[in-house]
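Dear colleague,

I am passing this structure on to you, and below it you will find my notes on what turned up when I went through it. Please read them with the model open beside you.

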Amino acid sequence: MTTERREAIAIIGMAGRFPGAGDVETFWRNLCAGVESIRPFTAEEMRASGVDPGLLADPSYVNAGAPLEGAECFDAAFFGYHPREAELLDPQHRLFLECAWSALEDAGHDPATFDGAIGVFGGVGRNLYLRNNLLPRRGLLDAVGPYPEALASEKDYAATRVSFKLDLRGPSVNVNTACSTSGVAAHIACQSLLGGECDMALVGGARIRVPMRVGYRYEEGGILSPDGHCRAFDADAQGTVVGNGVAFVVLRRLSDALRDGDRIVAVILGSAINNDGASKAGFTTPSVRGQAAAIAEALAVAGVAADTIGYIEAHGTGTAVGDPIEVAALTKAFRRSTDRNGFCAIGSVKTNIGHLDAAAGLAGLIKAALAIERGVLPPSLHYRRPNPQIDFERSPFFVNAGLREWPRGSGPRRAGVSSFGLGGTNSHLVLEQAPPPVETSPARPHQLIVVSARTPESLDGITAALAAHFRSHPETDLADAAYTLQVGRRPFEHRRFTVCGSTEEAAAAL
C-alpha cells in the first residue's frame, strides 16, 4: 500500500448537463432543494418513443426514468461538423464534446493560448442511438459506408474526438469500466498530471439512453427499482433508476493552479483504483474486500486519517445487496484508523438523478466538491429507516437525509467519493477544501467587460447569461471576471463590451 503523500490536484473547472439541470449551478440548487429529477412518463410519451402498447399493460413495467432535456440538440457548426456527420454521431459523443468546451471555459483557460499539454480522459456508455435510430435507416448507413458509421458510433473515439476538435496535445485516453468509468478516468488523469504527461486534464463521462422516455421491466433481484425511486441505504431500497447526463471537471496540479490564480473548487488529495478479482459471489456482485482496499489505499495516498473525513458520496445504487456491502467496505477501511461512530455523513446523488453509468462517478465528484466549497451537505433522498443489513449505530456513518450546514471545524472539510463498476473495477477519491486564495493588489475603479461569439444569436445568449450571473452573484469580483473574460475565453468575431464599476452596472449595461 502506498503511504507517501503526493502533490494535491486542483479542480478548477466544471461542466455538466443533468436530469432537470442544464448546467452545474442548476444541478447544485436542485440537490440542495431535495429535487428528485426522476419522473414518471405518460403513456403518450412512451408510445411516441416506440414502446409496445402491450408492454404498457404489463404490471412489471415501470414507467419512470431521468431524461435529459435537449439531448437531441448539438451545435454542429461550432465544431465544424457537416449536418450528415452530426446526424451519424452518437449523442453521447456530441454532448461529451460540448461539455468539454464548456468545462474549459468555466476553468478560464483557452486551449489555444494555454502554455502546456492538455490531456483528455473519460468515456461514454453503451450506444443505443446506433441500434434504435440508425440501424433502422439502412439507406442512410449504406450511403455513408461502414467506416464513417464506426467512427461516429464506437466508444473508442469519445476522448480522442475532443483532442482532435480542440487541438489538445496531451494524453487522450478512452476509459470504459462500466459504472466506474468517470471515477477511474479522474484517477488516471491525476496520475498523468503528477507524472508530468500533461499540465491540465479534462475528465468526462456521458450516458445518453436512446430513446430516453421509456420505462423498463422490473426483475426481482435486479439493479432497477420496482417503483421508479432510488432509496439508497433505506430498508425499502430495491434498486436504482436509469439516468441520463454528462459531467466534466478540469484538473491541474495544485501548485500550478495557485501560481496562475485559478479558481479552485476543491482539491483531490489522493485516489486509488483496483478490481475485486474472483473473491465474490459472481461477476456482477460487489466485494467488501475489493472496495475496502481501494478506499484504504486512497486514504493512505492522501495522507489523512479516516476520522477527518466529514462526508462520503457513495456509489449508493439503492440495492438490497449492494448498499450493505458498500457500508461494510467503508467501515472496514475507516476502522484501520478510527473507532469513532456516527461522525461521517453519507449520501448518494443517484436518489436525485438516477444512475448515470459512465458519468455517475463525476456527478458524485461535482456534488462533493461543491459541498466542500460551499459548506453545505445536500440531502440524500427517500431515506426513512436503515436497511436492516446495515448497522449504522456501530459504524462511522449516518445517512444525511436533510440539508445540513457543514462548518469547517478544526481542519479543512474533506470528503470521499466512491464509484464502483459492474465487473469489479473500483475507484475512490479523497477531496479537501481548497487553500485560501492569494491576496491580490487593489483593482482599478472601472473594468472592461468583453463578450464574443460565433453568431449574433449566440452573442445575445451569452450576453444575457452573463448579465443574469452578475445579478444572481453580486459578490463576484469584477476585476477577476474582466480578466477571465479577456484572457480565459477565446475571442470570436461577433463582440460586445462595456466599461463599468460594479456588478450591478455590468448587469444593467449587458
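Predicted model: local features only at pLDDT ≥ 70, side-chain atom pairs only at ≥ 80, totals over all residues.

**Notes on the model**

Ala178 counts as partly exposed, at 30% relative accessibility, where partly exposed is the range between buried (under 20% relative accessible area) and exposed (over 50%), computed with a 1.4 Å probe on protein chains only. Residues are numbered from 1 along each chain as its sequence is written, and side-chain values use heavy atoms, with hydrogens and water left out.

**Backbone details in the loops**

Ala178 sits in the loop between strand S6 (172–174) and helix H10 (181–194); helices (H or I, at least four residues) and strands (E, at least two) are DSSP runs, numbered from the N terminus. Its phi is near 60 degrees, which is a positive value in a residue other than glycine. Phe233, also not a glycine, has a positive phi of about 70 degrees, and its place is in the loop between S8 and strand S9 (245–253). Phe233 is buried, since its relative accessible area is 0%. A further detail concerns the peptide bond from Val210 to Pro211, which is cis, with omega near -5 degrees, and Pro211 belongs to the loop between strand S7 (200–207) and strand S8 (216–217).

**Strand S7 and its partners**

Eight of the eight residues of S7 are buried, and the strand is mostly covered. Met200, Leu202, Gly204 and Ala206 point one way from it, whereas Ala201, Val203, Gly205 and Arg207 point the other way. Strand S5 (residues 118–124) pairs with S7 in the parallel sense over seven bridges, where two strands pair if DSSP finds at least two bridges between them, and Val120 has Leu202 as its bridge partner in S7. S7 is also joined to S9 by seven bridges, and these two strands run antiparallel; here the bridge partner of Gly205 in S9 is Ala247.

**Strand S16 and its partners**

Strand S16 (414–420) is largely enclosed by the rest of the structure, because seven of its seven residues are buried. Arg414, Gly416, Ser418 and Phe420 point one way from S16, and Ala415, Val417 and Ser419 point the other way. Three bridges join S16 to strand S11 (residues 311–313), with which it runs parallel, and Ile312 has Gly416 as its bridge partner in S16. Seven bridges join S16 to strand S17 (residues 425–433), and this pair runs antiparallel, with Asn426 as the bridge partner of Phe420 in S17. The hairpin of S16 and S17 has four residues between the strands, and in it Gly423 takes a positive phi near 105 degrees.

Leaving aside neighbours within four places in sequence, the residues in contact (heavy atoms within 4.5 Å) with Arg414 include Leu269, Tyr311, Ile372, Trp406 and Glu432.

**Glu373 in helix H15**

Glu373 is found in helix H15 (residues 360–374) and is partly exposed, with a relative accessible area of 27%. Not counting residues up to four places away in sequence, Glu373 touches Arg263, Ile264, Val265 and Arg413, and its side chain makes a polar contact of 3.1 Å with the side chain of Arg263. The C-alpha atoms of Glu373 and Ala266 are separated by 6.3 Å, although these residues are 107 residues apart along the chain.

With best wishes

Definitions and conventions:
Polar contact = N/O pair within 3.5 Å; in protein donor to acceptor, adjacent residues only side chain to side chain.
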